[in-house]
Amino acid sequence: MSGEDVHGIERDEPERDGEPLLSLSGVDAGYGETQVLRDLSLSVREGEIVSLVGRNGAGKTTTLRTINGILHPTTGTVTFRGEDISEFDATETAKRGISLVPEQRQIFPELTVLENLQLAAHGGADDAYSVSVEEALGMFENLQDRTGNEGSSLSGGEQQMLAIARALVAGADLMLLDEPTEGLAPYIVEDVMEIIADINDRGITVLLVEQNVQVGLELAGRNYVIDQGEIVWEGSSEELRDNRRVLDRYLGVSV
Ligand SMILES: Nc1ncnc2c1ncn2[C@@H]1O[C@H](COP(=O)(O)OP(=O)(O)OP(=O)(O)O)[C@@H](O)[C@H]1O
Ligand SMILES: [Mg+2]
């Protein structure tokens with residue numbers, strides 16, 4: 001079975017292709033005394049696009065921070081390529097090829113597009129997939145015309161593209177994307193979705209956090225629904241599309 005409620009029902013963890021690239025197992029995490037994630041388990045296999053969808057404040061960003069080492073689990077483990085990375089900091093996870101593109105898009109507003117990309121080429125991952133600055137500019141046409149523009153002068157969509165381009169230049173085998181389409185005009189959302197599909201075609205595994213469930217449904221093969229720090233449902237996009245109850249209850253949308 002799959003696509004059923006997690007509560008009280010046995011879960012179908014698809015481990016048939018061997019060990020997942022990333023797995024969280026029984027993770028509790030939060031901020032100081034505030035526990036946000038509760039017994040959270042999820043896994044992502046190499047080459048997948050997996051979405052983590054949920055409402056405002058559900059714990060999506062906290063999950064990504066716990067994966068890349070800004071936060072650490074108080075209980076449970078985070079494993080990447082079979083290695084326990086629960087206590088690694090963000091520099092150590094980046095070296096191993098985990099790249100977080102945060103909600104705030106973290107580009108340098110006073111540096112030009114070119115400088116932003118050149119800076120990303122230093123540090124980053126040891127042996128992960130990466131592209132040169134020139135290749136990155138080739139992938140993102142709208143950045144190519146703006147190499148001399150300051151980051152702050154870019155539109156929201158361009159800043160998102162630049163943030164993803166920086167992650168590609170720094171190197172990533174697993175990209176954690178935190179609401180990449182938030183606040184973007186619909187036609188830019190399409191562009192960002194194409195870029196995500198493109199980076200996945202290049203072999204990069206993607207864990208995509210979205211409030212916009214449509215984006216998850218279109219891009220991801222599997223989806224996890226998070227509510228109040230717990231995974232409350234998981235299943236394929238077809239199953240989620242048909243599951244009005246989950247869509248209504250946890251995501252507040254009808255598709
Ligand atoms: N730095 C912090 N200190 C204390 N509590 C925090 C902090 N950041 C987030 N929280 C709380 O943790 C919970 C989960 O927040 P989180 O940012 O993970 O949600 P989210 O699913 O990413 O939401 P959104 O869709 O709004 O980005 C919320 O209740 C939030 O108030
Ligand atoms: Mg968030």
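The model is predicted: local features need pLDDT of at least 70, side-chain atom pairs count only at pLDDT 80 or more, and totals for chains, interfaces and linings use all residues. Residues are numbered from 1 along each chain as its sequence is written, while chains are lettered from A and ligands numbered from 1 in the order in which they are written.

## The sheet

Six strands form an open sheet in the order β6-β7-β8-β3-β9-β10, and the pairing is mixed. Helices (H or I, at least four residues) and strands (E, at least two) are DSSP runs, numbered from the N terminus. Two strands pair if DSSP finds at least two bridges between them. At the edges are β6 (98–101) and β10 (230–236), each pairing on one side only. Neighbouring strands are turned by 15° against each other on average, direction ignored. Axes are lines fitted to C-alpha atoms, for helices over the stretch in contact, and angles run from 0 to 180 degrees between N-to-C directions.

Strands β3 (residues 49–53) and β9 (residues 222–227) pair in the parallel sense, over four bridges. L52 has Y224 in β9 as its bridge partner.

## Helices on the sheet

| Helix | Strands touched or crossed | Angle |
|---|---|---|
| α1 (residues 60–68) | β3, β6, β7 (174–178), β8 (205–210), β9 | about 150° with β7 |

## Around ligand 1

The shell includes Y31, T34, V36, K60, T61, T62 and Q211. A residue belongs if its C-beta atom, placed from the backbone, lies within 6 Å of the ligand. By type, the shell holds three nonpolar, eight polar and one charged residue. Here Ala, Val, Leu, Ile, Met, Phe, Trp, Tyr, Cys and Pro count as nonpolar, Asp, Glu, Lys and Arg as charged, and the others, Gly among them, as polar.

## A helix pair

Helices α3 (residues 113–120) and α6 (residues 156–170) pack at about 30°, their axes 8 Å apart. The two are therefore roughly parallel to each other, as angles under 35 degrees count as such. In α3, V113, N116, L117 and A120 meet L162, A165, R166, V169 and A170 of α6. This contact divides into seven nonpolar residues, one polar and one charged.

Notes. Contact = placed C-beta atoms within 7 Å. Parallel < 35°, antiparallel > 145°, perpendicular 65-115°, else oblique.
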